[in-house]
Amino acid sequence: MRVRRRVAAACALLLPGLAASVAAAGETVGFQAGGETVRAYLGNFPGSRNSPGLVVVHDYWGLNEQIRGVVDSLTRLGYVVIAPDLFKGRLVSDPGLAQEMRSALDENRAVTIVGGAIDELRKIDRVNNRPVATVGFGMGGRVSLASALRGADVQRTVMFYGGVETTRERVSPLKAPILGVFGGGDHVVPEKEVAAFEAALKEAGKDARIVSYPGVGHCFMDETRPDYEAEEAKDAWIQMRDWLALKLDPLLPGRRAPRAPARPEPSPQATAP
């Protein structure tokens, strides 16, 4: 199902960007994947044994403070969260260099690292059956999708404005439900490709939800970038939070997470691909 949204003027929510300005609550850890030791940022909390896990996959800027803020925010929602460093500590801010880093990324290696991160989440407290989802942004959104397509043991997949597949054959390996969030004005992942992605998912009979924000560009969830759109980012965060909670049902410290959306959602306007 595809949804286009006009966002309400007011939407109160703690966003990852706000969390980035708060002292980090996580820790740096390492795990083995594909014969290498991968550095990662881990968000955890006491009593998390029964909590689901999330693997957050960073964009082509690297594992920076903005992504650490995302991890901290998701940890506060009741998840055990790990963000692997695909760039071995390298951080970039120049868009041209970031594009080069993305082009140089070996997708097979990235998928292997995500698989190692999933395994690492299930080693914590020896919770072998911990449900896990992936959440990726931009380049990481593509890696999140690619991991699911290549058989990663995940219960849900979330991708924000990442590269897509456009045929039934290419999306047919998907097993877990998928949420895709895109900007209608994104020139990196054009709207026509998103429409073809949605059509392919529908044709293949996949459990998928596609959300598109008219006129919004790339990286709109990242408050450090020029394309950042505050209201759309807030709404997209709620979309992800509630969609994940309905399946994974996180146990927040001291209270249960809501199984229903925390606020009435505006009626979506379905559009043809």
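In the predicted model, Ala204 is situated in the loop that connects helix 7 (191-203) with strand 9 (208-213). Beyond its neighbours within four places in sequence, Ala204 makes contact with Arg168 and Val171.

Aromatic side chains were considered next. A pair of aromatic rings is described by the distance of the centres and the angle of the planes. Across the whole structure, six aromatic pairs were found. A cluster linked by ring pairs comprises Phe137, Phe160, Tyr161, Tyr213 and Phe220.

Two arginine residues were found over the faces of tryptophan rings. Arg225 lies over the face of Trp61, at a distance of 3.7 Å from the ring centre. For Arg156, which lies over the face of Trp243, the corresponding distance from the ring centre is 4.0 Å.

Rolling a probe the size of a water molecule over the atoms shows where empty space is left. The second largest pocket has a volume of about 180 Å³, and 13 residues form its lining. Nearest the centre of this pocket lie Arg102, Glu107, Met139, Arg142 and Gly163. Helix 5 (residues 139-149) supplies three residues, the largest share of the lining of the second largest pocket. Classified by residue type, the lining of this pocket consists of six nonpolar, four polar and three charged residues.

Key
Residues numbered from 1 in each chain as written. Predicted model: local features only at pLDDT ≥ 70, side-chain atom pairs only at ≥ 80, totals over all residues. Heavy atoms only, no water. Phe/Tyr/Trp six-rings, centres within 6.5 Å; stacked < 30°, edge-to-face > 60°. Lys NZ or Arg CZ within 6 Å of the ring centre and 35° of its normal. 1 Å grid on protein atoms, 1.4 Å probe; cavity = no way out; pocket = protein on both sides within 12 Å on 5 of 7 lines; lining within 4 Å. Points joined across faces, edges and corners; volume = space filled by probe spheres on them. Helix = DSSP H or I, 4+ residues; strand = E, 2+ residues; numbered from the N terminus. Nonpolar A, V, L, I, M, F, W, Y, C, P; charged D, E, K, R; others polar. Contact = heavy atoms within 4.5 Å.
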